[in-house]
Amino acid sequence: MSVIFEKPKALLDVTTHYCPGCGHGIIHRLVAEVIDELGIEGETVGVCPVGCAVMAYDYFSCDMIEAPHGRAPAVATGVKRANPNLHVFTYQGDGDLAAIGTAETIHSGTRGENIVIVFVNNTTYGMTGGQMAPTTLPGQVTQTTPYGRDVKTAGYPLRVCEIMSQLDGVALAERVAVDSPAHIRQAKAAIKKGFDNEANGRGLSIIEVLSSCPTNWGMTPVKAMEFVREQMIPYYPLGVYKDVTKKETR
């Protein structure tokens, strides 16, 4: 019998700690599949900071480095500059990347660091209890916005891809989602494109992945996916915001 689907070799054969319905498992698999297809497991270093993915070093079989909260791009910069032959990626959540690590994210883009940033946007601080994040939608209820995010006092959500696409050193800024098989395939293609940019020295690639957080949203996994589709995607439109290989910018 021929095998048509199996666990990527770049993922360890362990059970993850993620909640049922969480998108991290899907996104981990996509990153691992890309590493397998490119045959770069032995030359790849991943950087994970604090957040739901804090234990990603237990799941990926490539070398992994733990970074302080928000500082993954800075750590990845050091690794890539010390050994340019390595393939370096960060795996970050929205509270980490868009709040605590805003400076590291933007300045790594202005410098055009040859790294890949996989940015998981689930509109909440997942690991620490579901507080409002920079990406929390207007009116969205969280632990710290029990009546919904009020933009008059809390400001508007950050649209990270739109911001990063304006930086000269960014090679790719693309927003994808993992709410459907078709979108999952697009997400994998974007991640693979990011690794290709990194390998060819084109600059920084950031792939923003819209994902679900059923536990902190207080929803079933099915309802959470519907929330991604019906609430998140309209506010955070999917697509390529910058791609230097196609000279394409929204």
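These legends walk through several close-up views of one predicted model.

Since the model is predicted, local features are reported at pLDDT of at least 70 and side-chain atom pairs at pLDDT 80 or more, while totals for chains, interfaces and linings use all residues. Residues are numbered from 1 along each chain as its sequence is written, and side-chain values use heavy atoms, with hydrogens and water left out.

**View 1. Strand β8 and its covered faces.** Here we look at β8, residues 204-210. Strands (E, at least two residues) and helices (H or I, at least four) are DSSP runs, numbered from the N terminus. Of the 7 residues in β8, 7 are buried; buried means under 20% relative accessible area, exposed over 50%, and partly exposed in between, with a 1.4 Å probe and protein chains only. One side carries L204, I206, E208 and L210, the other S205, I207 and V209, and both are covered.

**View 2. The strands that pair with β8.** Strand β4 (residues 116-121) runs parallel to β8, joined to it by 6 bridges; two strands pair if DSSP finds at least two bridges between them. Look for V120, whose bridge partner in β8 is V209. Strand β7 (residues 170-177) is also parallel to β8, with 7 bridges, and A177 stands opposite L210. To get from β7 to β8, the chain goes through helix α7 (residues 181-199) in a right-handed β-α-β crossover. Right-handed means that, with the strands pointing away from the viewer, the path from the first strand over the helix to the second runs clockwise.

View 3. The whole structure has 5 aromatic pairs. Rings of Phe, Tyr and Trp (its six-membered ring) pair if their centres lie within 6.5 Å; planes under 30 degrees apart count as stacked, over 60 as edge-to-face and the rest as tilted. W217 and F227 make a tilted pair because their planes sit at 55°, with the centres 4.6 Å apart. W217 belongs to helix α8 (residues 214-217) and F227 to helix α9 (residues 221-235), 10 residues apart. Both W217 and F227 are buried. Y235 and Y236 meet at 75° with centres 5.2 Å apart, so that pair is edge-to-face. F60, F89 and F195 form a cluster through ring pairs.

**View 4. A charge over Y235.** R159 lies over the face of Y235, 4.0 Å from the ring centre. A charge sits over a ring if NZ of Lys or CZ of Arg is within 6 Å of the ring centre and within 35 degrees of the ring normal. Y235 and Y236 are both buried.

**View 5. H24 in helix α1.** H24 sits in helix α1 (residues 24-38) and counts as buried because its relative accessibility is 5%. Its side chain makes a polar contact with the side chain of Y91 at 2.8 Å. A polar contact is a pair of N or O atoms within 3.5 Å; within protein, one must be able to donate a hydrogen and the other to accept it, and residues adjacent in sequence count only if both atoms are side-chain atoms.

View 6. You'll find S212 in the loop between β8 and α8. With 1% relative accessibility, S212 counts as buried. The side chain of S212 reaches the backbone oxygen of G21 at 3.0 Å. Beyond its neighbours within four places in sequence, S212 is in contact (heavy atoms within 4.5 Å) with residues including C22, N122 and W217.
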